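Dear colleague,

I am handing over the structure below, and my notes on it follow. Please read them with the model open beside you.

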Amino acid sequence: MSSHFDRTAFIETIAVHFDLIPSELGTGSTFSGDGFDSLMLYELFDLFEELVGRPVAPGALEEVNGIDDLFAMYRDVTSTSHRT
Amino acid sequence: MKPATLNGATATQPPVNGIGPYPSGFRVGRRARLDPIEPHEYDLIARMEALPPTDILYRNMAMTPSPGAFVESLWHGVTVQFAIRPVAGGDLVGLVACYNSDFRHGHATIAAHIFDDFRGRGWPIEGVVLFVSYLFFGFSYRKLYADVIDLNLPTLRGEAGRLVREEGRLVDHYFVAGEHRDRITLAIHRDDWVRSRYWMAAAAEQR
């Protein structure tokens, strides 16, 4: 499932998946600041790969600090996908 | 039967109650793998368990057993225990253990320790997911329990979180860091797990 989400839709998709309130996500600069623990992060990264439509290299997501970082990576990955 | 899926990959799910094919990469996921613990790693494990706050929140709960007693306690009552490593190999990033197996009634207790440097990264949790599938595939457990201090209770949201049920709470059971804390017993049911995307997911991808 590769889509063209803007930041709002991206965050809303994640929030719905975890039964969270979208307005509460993206306010922290880190995942833990947004209430993600390890179990949720594990699932979030799987969800991310579904959103971009392909696997992400192991380790790439380790440098991602929060939802906004993740959205930036989403934009990068999907724009690369569309160019190729 | 619903196919096992992960990241869009699908494969035929092995029989739940029959003998299915044993996938060669069964303990290998996309980001993490399960390997035997090497004896030379006992010192590293002891050091990781001695780091605060693990020293008071995990297995030994403020006690400092002798080196010999530490290794003995590491394996006491254990049915299966693995090191979690990065999928490419290398140093262990945590441990998973299954202990107190009750084969008459079909349950056991599991524990996971993700080392401090790797906590909050997400990917080492795949080792726990692989471990649960390994146990339900290799043993006839109906349920796997996990006893946690309320301070360690994971956020049970999302698909993975919904597979974990809170089934018991002993109020003020533990004494931790100067106060009494509840012991919470979580449970993963075989029926829930084998219907989930996490059942044999990694192995399914490799076939």
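**Loops of chain B**

Met61(B) is placed in the loop between α2 and α3 of chain B, where helices (H or I, at least four residues) and strands (E, at least two) are DSSP runs, numbered from the N terminus. The phi of Met61(B) is near 45 degrees, a positive value in a residue other than glycine. Pro53(B) lies in the loop between α1 and α2 of chain B, and the peptide bond that leads from Pro52(B) to Pro53(B) is cis, with omega near 0 degrees. For background, most residues other than glycine have a negative phi, and most peptide bonds are trans.

**How the model was treated**

This is a predicted model, in which local features need pLDDT of at least 70 and side-chain atom pairs count only at pLDDT 80 or more, whereas totals for chains, interfaces and linings use all residues. Residues are numbered from 1 along each chain as its sequence is written, chains are lettered from A and ligands numbered from 1 in the order in which they are written, and side-chain values use heavy atoms, with hydrogens and water left out.

**The sheet of chain B**

Seven strands of chain B form an open sheet in the order β3-β4-β5-β6-β7-β9-β8, with mixed pairing; two strands pair if DSSP finds at least two bridges between them. The edges are taken by β3 and β8 (165–176) of chain B, each of which has a single partner strand, so one side of each is left without a neighbour in the sheet. Direction ignored, neighbouring strands of this sheet are turned by 25 degrees against each other on average.

Strand β3 (residues 32–35) of chain B is joined to strand β4 (residues 78–86) of chain B by four bridges, and the two run antiparallel; Asp35(B) stands opposite Ala83(B) in β4(B). Ala83(B) also stands opposite Leu95(B) in β5(B), and β4(B) and strand β5 (residues 94–102) of chain B, again antiparallel, are joined by six bridges. From β5(B) the antiparallel pairing continues to strand β6 (residues 107–114) of chain B over seven bridges, with Ala112(B) in β6(B) as the bridge partner of Val96(B).

**Helix packing**

Within chain B, the axes of α1(B) and α3(B) come within 11 Å and cross at roughly 90 degrees, the axes being lines fitted to C-alpha atoms, for helices over the stretch in contact, with angles that run from 0 to 180 degrees between N-to-C directions. These two helices, α1(B) and α3(B), are therefore roughly perpendicular to each other (angles under 35 degrees count as roughly parallel, over 145 as roughly antiparallel, 65 to 115 as roughly perpendicular and the rest as oblique). In α1(B), Tyr42(B), Ile45(B), Ala46(B) and Glu49(B) meet Phe70(B), Val71(B), Leu74(B) and Trp75(B) of α3(B), where contact means heavy atoms within 4.5 Å. By class, this contact of α1(B) with α3(B) has seven nonpolar residues, no polar ones and one charged (Ala, Val, Leu, Ile, Met, Phe, Trp, Tyr, Cys and Pro count as nonpolar, Asp, Glu, Lys and Arg as charged, and the others, Gly among them, as polar).

Between the chains, the axes of helix α2 (residues 38–52) of chain A and helix α4 (residues 125–138) of chain B come within 9 Å and cross at roughly 90 degrees. The residues that meet are Ser38(A), Leu39(A) and Tyr42(A) in α2(A) and Ile125(B), Glu126(B) and Val129(B) in α4(B); they divide into four nonpolar, one polar and one charged.

The largest pocket has a volume of about 1,500 Å³. Of the 48 residues that line the largest pocket, the closest to its centre are Tyr58(B), Ala111(B), Ala112(B), His113(B) and Val148(B). A pocket here is found on a 1 Å grid over the protein atoms alone, as an open set of points where a 1.4 Å probe fits, with protein on both sides within 12 Å along at least five of seven lines, and lining residues have an atom within 4 Å of a point; grid points are joined across faces, edges and corners, and a volume is the space filled by probe spheres set on the points. Strand β7 (residues 143–149) of chain B gives the most to the lining of the largest pocket, with six residues.

The second largest pocket holds about 260 Å³ of space. Its lining has, by class, eleven nonpolar, three polar and four charged residues, and the largest share of that lining, four residues, comes from α1(B).

With best regards
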